[in-house]
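Have the viewer open as you read.

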Amino acid sequence: MKKFLIVALLLGVSLGVMAKSPAHKKSFTPNYIVGLNFLGESNITFANGVDNSYFAPNFGASFEGQMSTHSGFETGIYYRSESYTMPIKGMEVSNLKNSYHYLSIPLLYKFYSRILCFAVGLNYDVMVGNNDELASQQNGPQGDANRLGLMVKLTKDIHLTDNLILEPSLHFNPYLSQTSGFQAAWLGFGLGVKYSF
């Protein structure tokens with residue numbers, strides 16, 4: 001009889017512990033975030049031994065899905081512009097102005113943490129306009145129509161409220177040129193205002 005009571009007591013305690021365990025375990029709910037981002041970017045190009053580096057203010061919108069505590073994805077659409085003057089010898093004009101306009105679409109894996117967040121993936125720039133005076137003078141192609149690149153991004157989430165987030169960021173985005181391969185990159189910083197649903 002004593003053995004039966006001891007077994008019943010142990011069984012009751014075990015069932016009680018098992019019943020309470022799920023209540024203490026938190027389940028993760030996917031989190032979706034939209035944002036407006038303002039970027040300051042330097043486009044660094046080394047073409048034909050000439051350093052064509054210039055700064056451009058750009059902007060865009062982002063969308064994130066945090067699917068677990070540490071893992072999620074990020075995408076969006078950004079406007080990017082490039083504009084620089086190229087010195088030319090032996091032509092009627094001494095300097096030619098070149099400008100290109102792109103819509104940029106990233107697709108990134110994002111790692112979330114309380115200290116810093118890290119994202120890496122691909123980026124695709126779609127040309128939406130250009131003014132390439134050098135190509136016009138030589139009757140040649142005008143820049144890279146579209147281009148594929150790699151994106152590495154480091155961010156910090158600063159929670160202003162439960163849903164409103166301020167996000168400073170640093171990013172590096174080398175891209176493939178049709179004429180010169182990986183010889184150009186965007187390097188810049190950003191500041192985003194995001195809302196979490």
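Let us begin with Lys194, which is buried because its relative accessible area is 1%, buried meaning under 20% relative accessible area, exposed over 50% and partly exposed in between (1.4 Å probe, protein chains only). This is a predicted model, in which local features need pLDDT of at least 70 and side-chain atom pairs count only at pLDDT 80 or more, while totals for chains, interfaces and linings use all residues. Side-chain values use heavy atoms, with hydrogens and water left out, and residues are numbered from 1 along each chain as its sequence is written.

**Salt bridges**

Side chains of opposite charge can pair when their charged atoms come close. Here a salt bridge is a side-chain nitrogen of Lys or Arg within 4 Å of a carboxyl oxygen of Asp or Glu.

| Salt bridge | N to O distance |
|---|---|
| Lys194 and Glu64 | 2.9 Å |
| Glu167 and Lys110 | 3.1 Å |
| Asp157 and Lys194 | 3.3 Å |

Which parts of the chain does the bridge between Lys194 and Glu64 tie together? Lys194 lies in strand E9 (residues 181–196) and Glu64 in strand E2 (residues 50–66), so this pair joins parts that are 130 residues apart in sequence. Helices (H or I, at least four residues) and strands (E, at least two) are DSSP runs, numbered from the N terminus. Glu64 counts as buried, since its relative accessibility is 0%.

In the bridge between Glu167 and Lys110, Glu167 belongs to strand E8 (residues 164–177) and Lys110 to strand E4 (residues 95–111), so parts 57 residues apart in sequence are tied together. Both Glu167 and Lys110 are buried.

Lys194 also meets Asp157 in a salt bridge. Asp157 sits in the loop between strand E6 (146–155) and strand E7 (158–159), with Lys194 in strand E9, so the pair links parts 37 residues apart in sequence. Asp157 is buried because its relative accessible area is 17%. A network of salt bridges links Glu64, Glu74, Lys110, Lys153, Asp157, Glu167 and Lys194.

**Two more residues**

Ser81 is placed in strand E3 (residues 71–87) and, at 16% relative accessibility, counts as buried. Leaving aside neighbours within four places in sequence, Ser81 is in contact (heavy atoms within 4.5 Å) with Ala56, Asn58, Tyr100, His101 and Trp186.

Asn146, in strand E6, is partly exposed at 32% relative accessibility. Its C-alpha atom is separated by 8.3 Å from that of Tyr102, 44 residues apart along the chain.

**Confidence**

Among the elements, helix H1 (residues 2–24) has the lowest mean pLDDT (46) and E7 the highest (96). Over residues 1–11 the pLDDT is below 50, and this stretch has zero contacts in the model beyond near neighbours in sequence. Residues 135–142 also have a pLDDT below 50, but there the model shows eleven contacts beyond near neighbours in sequence.

Notes
pLDDT = per-residue confidence, 0-100.
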